[in-house]
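Colleague: I would like to learn how to read a model like this one, feature by feature. Could you take me through it?

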Amino acid sequence: MTTTVTAPAHDTAPAQDTEGIEDAGHVDVLIVGAGVSGIGAAHHLREKFPDRTFVILDAQDNRGGTWWTHRYPGVRSDSDLFTYGYRFKPWRGPSIAAGEEILAYLDEVIDEDGLGRHIRYRHRVTSASWSTTDRRWTVEVTRDDTRQRLRFTAGFLLMCPGYYNHAKPYRPRWEGMDDFQGAIVHPQQWPENLDLAGKRVVVIGSGATAATLIPAISGTAEHVTMLQRSPTYYFARPVTDELAVTLRALDIPEEWTHEILRRQYTQQVQLLARMSHDAPGELHTFLIESMRPMLPEGIDVEKHFTPRYRPWQQRIAIVPDGDLFAALREGKASIVTDTIETFTARGIKVSSGEEIPADIVVSATGFNLSVLGDVAFSVDGAPVDFTERVTWRGIMISGVPNMAYIFGYFRHSWTLRVDLVSDLVGRLLATMRDKGATMVVPALRPQDKDMRLRPWCDPGDFNPGYVMRSQHILYKQGDREPWTHLLEHDEEQEILPMADLDDGTLVYR
Ligand SMILES: Cc1cc2nc3c(=O)[nH]c(=O)nc-3n(C[C@H](O)[C@H](O)[C@H](O)COP(=O)(O)OP(=O)(O)OC[C@H]3O[C@@H](n4cnc5c(N)ncnc54)[C@H](O)[C@@H]3O)c2cc1C
């Protein structure tokens, strides 16, 4: 029998309807996703509303989302963990952390908050239907292991499914792939026992994943070639932060160290983000020149390390302690900047005519973006077409009642926004309670009706492949508050805590 622990218990066997869907009970809040967003959201919900019932559903068989999906060698954060860690739980480790360390941190949160009994793994949410009459969501779930179908009902839906499809990575097709005699792997589905010893590995791509993977495997593989179509911005940072070491030696409370380091990193990243808008040329020069002394002598910096876009139009990849550059200097790794013409039986032929020999090709080619967990939404029987909807502060969607979603930052630590959005959702639930409302829905005011709609993401501002490939399936932004999203953290940390929840854009009933 599957019931939510927090839901009213079934006295008898759970009801099954004619479609073979089992009734799984009712909760006040249903959270989709047990990654850093879902776990953070659950912490805040428990803290602010200890009496509310809730359940967390995740399609995977374990917690962690991104950090559970990605288990390739060397997987680690790009962000510092003082800002990637939650506001409420000090990070005690090095500034840049391995995936396993992040999972261990999340395990501590789950333990400390008693969240384990609220999480249901292998529960893939397939649809969510809102009924205004019943003032509730009906959420259908398929268990990936048993194929069993379940139906939950919930008063409020908190969507924390991340931004990409965890089950289906982006795998571009190239000519000749079927002729290739070696193995082709994707970092999102890294084979557990892949033996790289003595192998020639080609990594396609040069973003954060390639920059992480290459130094991690270059000691084992015979040689690693990074094959990029165009260069990425890199920034070397120490794994261990000296200020953290100094503060910890003073034996002050970890909460203080966490807060001081958070402020330091927040300020640094804000400065870089602002520079990317206001002085992109200066930031470009700063990034290239700080990398130059760490590169192999004589390497063509213009060709291999000078991106064609403005800094931070795509994520800047972090190189902890310059490890990628060391692998290049030591000759364990090399770099080819060219386009793939065809795979051959023994490697990859690029446009210059060169054939790069390979036993294993790693396709570090990114994600398939997914909109709100690919859940089919409907409101009062009408399917929701997100392309016709507008985001309310990147937290709710016009015309979709009692649903908030958590989407973090691209340039800053994702988690900074998890705390900020959770605070706002807490205020929203409290406002509903105070008004005696059972429903809240974002709606365009008369003065917003003719508002100019913009794509969700402005390509001039941020344009990585996975976002650009999927703009056509995404909701829109307006040209004014609160119909905007993707602001910088320094703006939002002022705006969100003060946001007026009674400005007429939210309708309470
Ligand atoms: C390798 C890698 C490194 C990264 N490093 C950083 C970094 O250093 N700093 C940073 O800020 N960001 C980083 N990111 C971005 C990262 O995705 C976010 O930081 C963050 O982990 C997102 O957390 P989340 O909980 O919102 O989503 P996710 O981690 O994507 O987790 C979402 C969960 O929801 C589940 N889910 C989705 N749809 C459904 C459904 N329909 N039904 C049930 N369950 C569902 C998924 O199974 C998944 O477990 C990195 C991303 C990758 C891939």
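Colleague: Thanks! To start with a side chain, which residue does the side chain of Ser95 join in a polar contact?

Modeller: Tyr265: the two side chains are joined by a polar contact of 3.1 Å. Bear in mind that this is a predicted model. Ser95 itself lies in the loop that runs between α3 (81-84) and α4 (99-113).

Colleague: Is Ser95 buried or exposed?

Modeller: Its relative accessible area is 2%, and buried means under 20%, so Ser95 counts as buried. Leaving aside neighbours within four places in sequence, the contacts of Ser95 include Asp80, Phe82, Pro238 and Asp241, along with Tyr265.

Colleague: How far can I trust the coordinates? What is the mean pLDDT of the protein?

Modeller: The mean is 94, and 96% of the residues reach 70 or more. Residues 1-13 need care, as their pLDDT is below 50. In the model that stretch still has 32 contacts beyond near neighbours in sequence.

Colleague: Now the sheets. How do strands of a sheet pair?

Modeller: They pair through backbone hydrogen bonds, in either a parallel or an antiparallel way. Here, an open sheet of 5 strands shows parallel pairing, in the order β7-β16-β8-β9-β12. Its edge strands, β7 (183-185) and β12 (333-337), each pair on one side only. From one strand to the next, the twist averages 20 degrees.

Colleague: How many bridges link β8 and β9?

Modeller: There are 5 bridges between β8 (residues 200-204) and β9 (residues 223-228), in the parallel sense. To find one in your viewer, look at Val202, whose bridge partner in β9 is Thr225.

Colleague: And where would I look for antiparallel pairing?

Modeller: Go to the open sheet of 3 strands with the order β13-β14-β15. The edges are β13 (340-343) and β15 (355-357), each pairing on one side only. Strand β14 (residues 347-350) pairs with β15 over 3 bridges, and Ile348 has Ile356 in β15 as its bridge partner.

Colleague: Helices next. Which residues of an α-helix point the same way?

Modeller: Those three or four places apart, because an α-helix has 3.6 residues a turn. Take α11 as a case: its 22 residues reach 32 Å from the first C-alpha to the last, close to the 32 Å expected at 1.5 Å a residue.

Colleague: Why is α11 described as largely enclosed by the rest of the structure?

Modeller: Because 17 of its 22 residues are buried. After α11 comes Gly436, with a positive phi near 70 degrees. Gly408 is buried, at 2% relative accessible area, and touches Trp414 and Arg417 when residues up to four places away are not counted.

Colleague: Which residues does a cis peptide bond join?

Modeller: Glu481 and Pro482, with omega about 0 degrees. You will find Pro482 in the loop between α12 (465-468) and α13 (489-498).

Technical notes:
Residues numbered from 1 in each chain as written. Predicted model: local features only at pLDDT ≥ 70, side-chain atom pairs only at ≥ 80, totals over all residues. Heavy atoms only, no water. Buried < 20%, exposed > 50% of the residue type's maximum accessible area, 1.4 Å probe, protein only. Contact = heavy atoms within 4.5 Å. pLDDT = per-residue confidence, 0-100. Pairing = 2+ DSSP bridges. Helix = DSSP H or I, 4+ residues; strand = E, 2+ residues; numbered from the N terminus. Polar contact = N/O pair within 3.5 Å; in protein donor to acceptor, adjacent residues only side chain to side chain. Expected span 1.5 Å × (residues − 1). Axes fitted to C-alpha atoms, helices over the stretch in contact; angles between N-to-C directions.
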